Amino acid sequence: MSIIDNLKLTFKNGNSLIKLIYLNVAVFLLVNILLIVFRLFNMDASEYIHWLAVPSNVGNLARHFWTPVTYMFLHTGFSHILFNMLMLFWFGRMFLAYYSEKQLLSLYLLGGLGAALVYVAAYNIFPYYSAVAYYSVLMGASGSIMAIVVATAVRAPNAEMNLLLIGRVKLIYIALATVLISVFSLTGKNGGGEMAHLGGALTGYLFVIFDKKGTDITLFITRVLDFFVNLFRPKPKLKATKFNAQRMSPEEYNQNKARTEAEIDRILDKIKTSGYESLNAEEKRKLFEKK
């Protein structure tokens, strides 16, 4: 199997976390290849990159209305995407121990939207940013990832992560540290990015608070995503479905339902004891279909 085939298989069988990382890396590679081509011809590609980044100027944002979605997959620096993808991988795995894959993807998008909203609002409210508000842009997945980091820490504050040179640290302390760093950096060179971090953090916090009250604030995004997925998903053959339904008696149906529920309970117990990554591909598929 070639490297390309292996990557395709990993993407196809991977969960939402793996797909998000693959998508970010693919966009990074594509954008940077285009940047190299433009530079070889002494052409400035920054104007075209800005078509994918969120402008702080409201007028430009109205003309580039798609950017609050595209910007959260856009990175141009290697260290930027490396750090973001490591954070997404570490905290995304922990997030999946408590929430579904659909909620991970939806919170990533909602956190990014919340980050963009706070960024644009701050640059048009605070005089400190007025000198650069017309031409500043926002790019990167940091706001989306902050939503996942804070949501995981609020949901499981006493869970621990092993940090290099520090040791085991509770998630709530890691989240508080990242938020405080952003607060104290609001007047720095990346003040807009720090504003976006706070917007993503607030989104993640609200997600958990509302979820504890029985309300999933990412449900609308999940439904929109399901609509587009189902739109391009091949329709099942009606004849085969009717044939199977006619042959199954009520007793068989109840037995099949009981077996399915027992299998889901077994998978959930396995997650509690060994973590989500201990599941094989078939167990992940059954859990995802049940959700």
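**View 1. L105 sits in helix α7 of this predicted model.** Helices here are DSSP runs (H or I, at least four residues), strands are DSSP runs too (E, at least two), and both are numbered from the N terminus. At 26% relative accessibility, L105 is partly exposed, a class that lies between buried (under 20% relative accessible area) and exposed (over 50%), using a 1.4 Å probe and protein chains only. L105 touches S16, L20 and L225, leaving aside residues up to four places away in sequence; contact means heavy atoms within 4.5 Å. From L105 to T222 the chain runs 117 residues, yet C-alpha to C-alpha they are 8.1 Å apart in space.

A word on reading these views: residues are numbered from 1 along each chain as its sequence is written. Local features need pLDDT of at least 70 and side-chain atom pairs count only at pLDDT 80 or more, while totals for chains, interfaces and linings use all residues, and side-chain values use heavy atoms, with hydrogens and water left out.

**View 2. I18 belongs to helix α2.** I18 is partly exposed, at 23% relative accessibility. Look also for R93: I18 and R93 are 75 residues apart along the chain, and their C-alpha atoms are separated by 9.8 Å.

**View 3. Here is the largest nonpolar core, with 55 residues.** Such a core is a set of buried Ala, Val, Leu, Ile, Met, Phe, Trp, Tyr and Cys residues joined through side-chain atoms within 4.5 Å. The residues with the most contacts inside this core are L88, F91, F95, Y108, I148 and L171. Two or more residues come from each of α2 (16–40), α6 (78–95), α7 (101–125), α8, α9 (171–183) and α10 (191–212). The largest share, 11 residues, is given by α7. Zoom in on F95 and you will find that it touches S100, Q103, L104, L107, I148, A151, T152 and F207, not counting residues up to four places away in sequence.

**View 4. Helix α8 covers residues 142–155.** Its 14 residues reach 20 Å from the first C-alpha to the last, close to the 20 Å expected at 1.5 Å a residue; that expected span is 1.5 Å times one less than the number of residues. Helix α8 is mostly covered, with 13 of its 14 residues buried.

**View 5. Four tyrosines, Y119, Y123, Y128 and Y129, form one aromatic cluster.** The whole structure has 11 aromatic pairs. Rings of Phe, Tyr and Trp (its six-membered ring) pair if their centres lie within 6.5 Å; planes under 30 degrees apart are stacked, over 60 edge-to-face, and the rest tilted. Y128 and Y129 make an edge-to-face pair, 5.3 Å centre to centre with 85 degrees between the planes. Y128 is exposed, with a relative accessible area of 51%, whereas Y129 is buried at 5%.

**View 6. Strands β3 (residues 160–163) and β4 (residues 167–170) run antiparallel.** They are joined by 4 bridges, and strands pair if DSSP finds at least two bridges between them. L163 stands opposite G167 in β4. The two strands form a hairpin with 3 residues between them, and L165 in the turn has a positive phi of about 70 degrees.

**View 7. Over residues 240–246, pLDDT stays under 50.** This score is the predictor's confidence in each residue, from 0 to 100. For residues 240–246 the model has 0 contacts beyond four places in sequence. The mean pLDDT of the protein chain is 86, and 87% of its residues reach 70 or more.
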